[in-house]
Every structure is written in structure tokens, then in C-alpha cells.
Amino acid sequence: MPTSPYVTEDAQVAMSIPAVVSPDDQEIVKRRLTKAIDLANLYQSLFNEDLESSRKRALVDAALGGEAPYNPAKERKLGTFGRSNINFGILRQNVREAQMPFFRLLESLDTLCTMPLQSDYIDEETRQNWEPIIAEEFSKVVKNWPSFHPRWGQLSLLYVLDGIGFTFFPDTIDWRWQVKGLSHLKFPRDAEADVNQLDVVALESKMKPSDLLRKIEAEDKLPPEYKRYWNKEAVLEAVKQTAGSSAVNTNNPEEVVDAWKNNDISLAMSGVTVRVIHGFIQETDGTVSHYVSRYDGEGEFLYKCEGKFRNLSDMLHAFIGDVGTNGDFHSIRGLGYDLFTPTTGLNRMLNKFLDAATTAATPHLLTENEDANVEQSVVPMGPYNIMAKGTAFQETNLPDFSQTLIPAITTLNQLVGSRASAASPVSSNDTSRTQKTKFQVQTETEQKGALQSSSFVNFMVAWQRHLQCVARRLCRADYQHTDSGGKEAWEFRNRLVRRGVPLDALKHIDFISIEANSGLGKGSSNERRTIVDALQERLGPFLDQKGQQLLQRWTAAAYAGPQIARLLVPDQPGLRPPVDATIAQMENNQMTLGLPPSFEPNQDHVVHLDKHLTRLYEINTQLTEMQIELRPAIDQMQPIWEHSINDHLPMVNPMNPDYKRFKEALQQLGELIKNSRKHLDAEDARAAEEAGEAEAELYGGTQPGLFAAAVDANARAAAKDDVEIEKTRAQIQMDQQRHQQEMAAADVKLALEVQKAAQPQKSSPKG
């Protein structure tokens, strides 16, 4: 049985941490946890170690929830129950103001992050078109998740109040996450503020019996060769013995405070649940195993999956506001710790001030004897009061509060404001009505922004790691429609296909290079507007078309939000082509003039080939429509074709999806160019021969029969060359039509594959 939360021994605590060396044979163990009772004892030991910190967090939570500064029970015992005892909500107001930038950040963002593709996957121009589409659809999936905004609010509250919060993935499949705090996760006290430095993590959970039964039913449907991770017999036994409506755990101070805030103390009941303990244990090989046991530790493990995660950062991400006093998780403090003491003192001073004002506003009567105290001393009569004989108003000398209470209240206000300003760029204490200049506003905005920059940067670094993990899970190739979160994952894929992005692109996302979008102004609307106004003034006239479009959208978003900005300044693809595209166009112009092109091995050869082929097709179209003569057309096409097939094509990876298209197009164009060049060479030879015959006739001539035979042979050769050229042109047009038909058929095939993949399939997840 697990130990009592209030009774513990040092030796028992030490023995509760799973050992890496077997006490029997002194060998290094492969799996550190073998019995369910060990997991229950581990959780209780870690709970006991964290109990004092839990009490302190409970005090802050209670003050945030509106608990009075004085204990009402003690007030009754002391006989001071009638004095003012009000929580004026100063702590809650400052915490809300510190949370506000995180919600304003969401309002200002079009996309949550970038979604870069691997540089060797496809050409730069295509990447520039596909990457924003993937980022938009990824952000849409995450932000449209019904639990996203509540969990964003919960995470920001933990980050502001406690200085630390966690995002938690309970399995290896689902891209949706949970938010946990130090009140939920229990781990050793000396843990360095890095999740990969944690040895063990344990947490209590209340699972509905229906959820447990669904998990074992899902594994029952799998074929026999699939491994089972849930212990069916143990789960059924736990549901039979422990399922029920549980009361508030009075041993947990934070749970008591939560129940008080929810007005649950009187009922002390909850839904029918099974209390379980989750344990995540880092094994000696570095992997993390997941165990689930009953809260009382009886029976066998309900769930056991050894080596489930590669490391703890695959399932847990820490959002820390600072490094604390010694770099450990439990030394980190948040705004709640900084403001609890001064706001409690300020509440008490304000209550004293309220009592003093009440006393000063209450009339005091002086009577001559005790009988007058019993009798009615003042009798109202219309607009007048009749006072009994021997009764008079007494002036009372009250202390000078301007020298006592008022300075104390002012000092505490200043202390609260200075501590809160480090976490919030906007302070409600600034009530000045003096009109300020533009430069004063900019200066104050910069100062306020600098105060909270470090905290904001720490949050965004952790948020970026979290989004990288979400993207890996959401874009996983084997994600089934029936998996947890699979419905949203396949809606994401369908939207990408409809917008022209192939599913193969998801396999080539550079997840390490994903960057979280922090927007402008670090969540402050004033700072965001100041920045865009300064950019418009200083850089606006010097930007290219793409830069001006982006700046105009940022300006519209800063004043009206991203939705209005997208309507006012829509996307315009192609405003900023890659540099290699411009270089390739210049090479086309050079070769048209007969100048040799420049070539470097580090050029983007896919972009160059695309631009060179576009120019070759343009000339071929002009030739087909008889807008240009054959000789100048071939003279322009031949150097571009030779440069493409000899220089750029060998530098392209044959595994590149565009390689086959480039090779086939260059081969077809090569046949046209070669046959046309033969025809032109033949014409040149005939012209030279005719010139020689004319000269021969001038000096004696040639026999008429031989001359006629030569002319007839040349005519037949020319006709044959014309037939070959026309045949090649027709073949190129047919190949182009066939290529378009193949692309259409591929699109249909891809759509059918997506529909087929969306059908329910069997899988064997690890929990």
C-alpha cells in the first residue's frame, strides 16, 4: 500500500526512486520499474516532497480566486469578525494584464509558424509557393481545434502565475496536447530546468471507466500478432473495485483550493472515475517507459509500454520564465510569488482604510447616564430628529491617516506596480491624462517592451519546440483516420491537395528549421503599431513590391486584425522570384545575342532549367505560329539548349521529381534543333553549290543534264528535311498534350488515394 501523504521516512523516500542497479546481484537493470506498488509509492514520495511548495502555491491560487486576506474562522475566535475583510482583486487584475499579451499575440498572427521544405527537395520558386500554403493549413488545424484557446489560456496563466508550465503528450500518436503545472507533475526536487534531465515523472489522473473500457476493447479488435499494452484483467478489476464518485482529496492543498473556487466543498462529490497513477521512467538505455497503476498500488500494471518514447522531450515541453535561483525547476517563481505578499498587505491596508472611513462617517453620541443608553436617544420626526435629554453628539479625534495609512498604501501600490511591470507591457496604474507626443509614446513603448522581452523570448523558444513536435506528429506518414486526432490530420491533407500541394511534400518538411511566428510588438498592440508606423516612414519607399505588400498587410493587421488585413491586402504570388530566376533570364538574353552564359556549380539548377525551358518553348511557339524564321529561331534555341543539357541537367539529382520532366523536354527539343540545323546546313550547302555552278557557267558551264540532275536531287533532299521538321513539331505537340493528360490522370489518382486513405484502417499504436 502507498504511504500516507503526511507520514514519510527518509529511507522510504530514497527507496521509492527506481534504482538502476539491482540490489540482489548488483547488475545494471534494463527496466527499473517492475511492480505497480512501486509506482504508487514513488508518486506518494514525490507528493510528500512537494507538499510544502504545494501549500504555498495553494495560498497564491486562493488569493487569485478571491479569498479574503483574513481567515474568517480566526476572526470569529478573536472577536474581530465585524471588520472589513475584502479581497479587492489586485493580484487577479495584474495577472490578467500580464496574460493579455499572449492573447493579443494570437490576434496578430496569420500563421503560427513557418513550414520550410528541405532545400534539395524541389526548386526554390516552388518552395516559395508551397511553404506558405502548408503553414496556413497547419495553423488552421491547430487554431480551429476546440481546446486550443482554453489550453493556450491555461498555459499562459501557469507561465505568468507560477513562472513555469508544461505541454504534455500522453501517447506517441495524437498531435493534440494537454497542459500541466507543478501541481500535476511530480518529479525529484533537485531536477535541473531541462526536461531531458528528469529521471522520473509521475502524475495522478482520474479516468472515466468508459475510457478505460474503450482502450481494452480497441486492442481486442486487433489481430493476434499485434502486441497488447493494456492489461485487460487488471483494468476490469480496477473498474469493479475502485470506480466511484470520489470526494475531494483533503491531503492535497491545491485540490482543496480548486474545489473551494468551484463551490464544491459542500458537495464533496465528483463524477464516477478510477484514480490512477501515470509513471514515465527513463530507462538505462535512454528511452522512456510508460506505466499506469491503480492509485492504491494493488494488482498489476493497468498499462505498460517499455521504451515508448525516445526521450522525455518527445512527450514533455517546459515553458520557464527564468532560471530561478539555482537552475532547478522548483526554484523558479512567477508573478504570483512576486505579488502575493505586497497585494495581501495592500488588501489589508485598504480594509483598514475602509474601516477608518466607516468610523469617521459614523456619528458618535454622548449620554449623561446609563438609562439614556437603554432608551431611544434619537427619535426621527419628519425632516427632524428629536434627541432625548442628556444626549449630545460627541466629536471624536481620529488619527491623521495622511501620515499613517496613506503613505503605506502609496508605497505598496508602487511596489505592486514595479513588480507587475516586468511581466506586463501595459499597466493599469498609468492614469495620466496628459497628452503625449508621438516620440514620447514611442519611447515609453520601447521601455515597456524591453522590460518584458526576456520573459517573452523564453516563452517563444519553448513554443517553437512545441510546434516542431506538433508538426512531426500531424505530418506523420502513417497517421490513420481512426487514430486519435486522425480526423483533423486527414482534413489537413485534403485541403493541401485541393490547394495544389502534393502529400509527398509532408515527408520533406524540415522540422528542425520550423520557426515560431512571434509577430510584431511581443503581444503589445501599442508597440506593434509603433513599429509598423516607423517601418512605413523609414523603409516603405525603398522596398520592392513584395516588401511593400508585406508591410501594408502588417500595418492593416496592427490596426484592424489579420482577417481584415487579408481582405485589404490579398496575397500576390510571384512578386519576389528567387535570385537564380533573374540570373537565368539574363543568361537567356545573353545567349540570344550570341554571348556565352555564366555557370557556377552552386547555382539553383532546377530554377535555371525551368527558366531556360520556358524560353525555348516561347521561341518554339513563335516558330510554329510563323512569327519568326527558322534560321534565327534555331540560332537562338541551340545555345540555350546546349547550355541546359550539358551544364545544368547533369547537376540535378536524378531522384528530383522534376528531373524526368526536364530530361524528356530537352530530348524532344534537341531533336527539333538537330533536324532543323541539318536542314539549314543543307540549304547552306546548296547555296554554296549554286554559287559555284554560276561561277562555272561563267567560265564554260556544265552540261545541262548534270545540272538538272543536281537541282532535282537538292530539291528532293530539301523536301525530305521539311517533312522531318514538320514530323518533329507534330511529335512535340502530341507529347505536350500527352503530358497534360498524364498530369490530369495523376491528379485523379491522387484524389482517389486520399479518399482511400481516409477509410478506417487497423493500427497498433503504443497507447
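Here is a walk through this structure, from the whole chain down to single residues.

What you're looking at is a predicted model, in which local features need pLDDT of at least 70 and side-chain atom pairs count only at pLDDT 80 or more, while totals for chains, interfaces and linings use all residues. Residues are numbered from 1 along each chain as its sequence is written, and side-chain values use heavy atoms, with hydrogens and water left out.

Let's begin with the whole chain. There are 24 helices and 13 strands; helices (H or I, at least four residues) and strands (E, at least two) are DSSP runs, numbered from the N terminus. Of the 767 residues in the chain, 41% are buried. Buried means under 20% relative accessible area, exposed means over 50%, and partly exposed is in between, using a 1.4 Å probe and protein chains only. Contacts (heavy atoms within 4.5 Å) also tell you something about the fold: among those between residues at least 6 apart in sequence, 73% join residues at least 24 apart.

How far can you trust the model? The predictor's confidence in each residue is called pLDDT and runs from 0 to 100. Its mean over the chain is 79, and 76% of the residues reach 70 or more. Be careful with residues 1-14, where pLDDT stays under 50 and the model has 31 contacts beyond four places in sequence. The value also stays under 50 over residues 702-709, with 4 such contacts.

Now for the strands. Strands of a sheet pair through backbone hydrogen bonds, either parallel or antiparallel. Here, two strands pair if DSSP finds at least two bridges between them. Take a look at strand 6 (residues 272-282): 9 of its 11 residues are buried, so this strand is largely enclosed by the rest of the structure.

Strand 6 has another partner to follow. Strand 7 (residues 288-294) pairs with strand 6 in the antiparallel sense over 7 bridges, with His 278 opposite Val 292. These strands form a hairpin with 5 residues between them, where Gly 286 takes a positive phi near 95°.

Elsewhere, an open sheet of 3 strands has the order 2-1-9, with antiparallel pairing. Strand 2 (178-180) and strand 9 (316-320) stand at the edges, each with a single partner strand, so one side of each is left without a neighbour in the sheet. On average, neighbouring strands here are turned by 25° against each other, direction ignored; the angles are between axes, lines fitted to C-alpha atoms (for helices over the stretch in contact), and run from 0 to 180 degrees between N-to-C directions. Strand 1 (residues 164-168) and strand 2 are joined by 3 bridges, one of which pairs Thr 167 with Val 179.

Next, the inside. In soluble globular proteins, nonpolar side chains tend to be buried together. A nonpolar core is a set of buried Ala, Val, Leu, Ile, Met, Phe, Trp, Tyr and Cys residues joined through side-chain atoms within 4.5 Å. The largest one has 67 residues, of which Met 115, Phe 138 and Trp 463 touch the most other members. Elements giving two or more residues to this core include helix 6 (124-144) and helix 15 (453-474). Helix 15 provides the largest share, 10 residues. Leaving out residues up to four places away in sequence, Trp 463 touches Phe 148, Trp 152, Trp 177, Phe 319 and Ala 516. Apart from this core lies another, of 24 residues, among them Leu 616 and Met 637.

Helix 6 is worth a stop. Its buried residues include Trp 130, Ile 134 and Phe 138. An α-helix has 3.6 residues a turn, so residues three or four places apart point the same way.

Finally, find Met 626 in the loop between helix 21 (605-624) and helix 22 (630-648). Its phi is near 60°, a positive value in a residue other than glycine. At 75% relative accessibility, Met 626 counts as exposed.
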